Amino acid sequence: MATTSPESATQRMEDRNTSVLVRFTAAPNVTTEQYDETIRRLEKSGDWLPDGLEYHVAFKSNGNFRVSEIWDSQKQLDAFGERLMPVLADVGIDPGEPELMEIHNLVKR
């Protein structure tokens, strides 16, 4: 990934890390209350905010609850997923199949 920010402006493109964008579309019956409970449980267990999570955006689109995240690496995403999935199952959230994409460029102000 190429990240352009004041801090990284002096880095060469090939020296920048490759980040991952992951997008989840949960089952149509997922509620904001279930999402909020998931975050509460992750905070209580010390698993929120996880290492490597750069951005987390939760929203509704066309009646479905969605989450988009940017991770520093696939490895960090996978490590968090191992802790997240049991919590989602306990709360009753089926996250569906994630859509994963390598980020080519990310611009921050």
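Glu37 is partly exposed, with a relative accessibility of 26%, where buried means under 20% relative accessible area, exposed over 50%, and partly exposed in between (1.4 Å probe, protein chains only). The model is predicted, so local features need pLDDT of at least 70 and side-chain atom pairs count only at pLDDT 80 or more, while totals for chains, interfaces and linings use all residues. Residues are numbered from 1 along each chain as its sequence is written, and side-chain values use heavy atoms, with hydrogens and water left out.

**Salt bridges overall**
- A search of the whole structure finds 6 salt bridges, each being a side-chain nitrogen of Lys or Arg within 4 Å of a carboxyl oxygen of Asp or Glu.
- One network of salt bridges links Glu37, Arg40, Arg41 and Asp90.

**Around Arg41**
- Glu37 forms a salt bridge with Arg41, their closest N and O atoms being 2.8 Å apart, and both residues lie in helix H1 (residues 32–45), 4 residues apart, or about one turn of the helix.
- Helices (H or I, at least four residues) and strands (E, at least two) are DSSP runs, numbered from the N terminus.
- Arg41 also meets Asp90 in a salt bridge at 2.1 Å, N to O; because Asp90 lies in helix H2 (residues 74–91) and Arg41 in helix H1, the pair ties together parts that are 49 residues apart in sequence.
- Arg41 is partly exposed at 30%, whereas Asp90 counts as exposed at 55%.

**Lys108 and Glu54**
- The side chains of Lys108 and Glu54 form a salt bridge (2.6 Å, N to O), which links distant parts of the chain, with Lys108 in the segment after strand E6 (105–107) and Glu54 in strand E3 (residues 53–61), 54 residues apart.
- Lys108 is partly exposed at 26%, and Glu54 is partly exposed at 35%.
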